[in-house]
Amino acid sequence: MKQSLILSVAALMFSLPLAAEADDDYKHFKGEPSQTLEQAVANLSTYNRRLETALSGELTPEAMNEVHQLTYTLENALGKLDDELEDIAERLEKVHKASERADPGTVKRQGSVYLEKSRVLLQ
C-alpha cells in the first residue's frame, strides 16, 4: 500500500512539469495588436471569419491550437472596443449635457468626435 502511494506521488510529480510546459507554450502568443478603433474592428472582422472557418471543421488538436491563437487577437480587439465604447458613451453624455445647457461649442466638438467614432462601428 505504502509503495503504491509512493509510486503514485512520484508519477504525479513527474507529470506536473510536462503539464506546466504545455501550458507555457500557449502563454507565448500575443495576438495582433488593436491600437486604434479601426484596427480593432478590422481584427474582429478578420479573426471572426478565421474562427468561423476553424469551427466549421473537425476540432483536431491542430485546429484547437489555431483557435487558441486566434483568441488572443480577438481578446485584444474586444479590449480596445470596450475602451472605445466607453469613450464614445462619455462623449455622447457630454453632448447630452451640453445640449441641456445650450452650449453649442461642446455639442459641436464632442458630437463630431462621437459621430466619427461611432461610424467606424457601423461600417
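Buried means under 20% relative accessible area, exposed over 50%, and partly exposed in between, with a 1.4 Å probe and protein chains only. The model is predicted: local features need pLDDT of at least 70, side-chain atom pairs count only at pLDDT 80 or more, and totals for chains, interfaces and linings use all residues. Residues are numbered from 1 along each chain as its sequence is written, and side-chain values use heavy atoms, with hydrogens and water left out.

**Exercise 1.** Describe the secondary structure of the chain and its share of buried residues.

Solution. Start with the elements, which are DSSP runs numbered from the N terminus (helices: H or I, at least four residues; strands: E, at least two). The chain has four helices and zero strands. Along the sequence this reads α-α-α-α. Next, take burial: of the 123 residues in the chain, 22% are buried.

**Exercise 2.** Work out the sequence separation of the contacts in the chain.

Solution. Consider contacts between residues at least 6 apart in sequence; 68% of these join residues at least 24 apart.

**Exercise 3.** Locate Leu55 and classify its accessibility.

Solution. Leu55 also lies in helix α2. Its relative accessibility is 49%, so Leu55 counts as partly exposed.

Key: Contact = heavy atoms within 4.5 Å.
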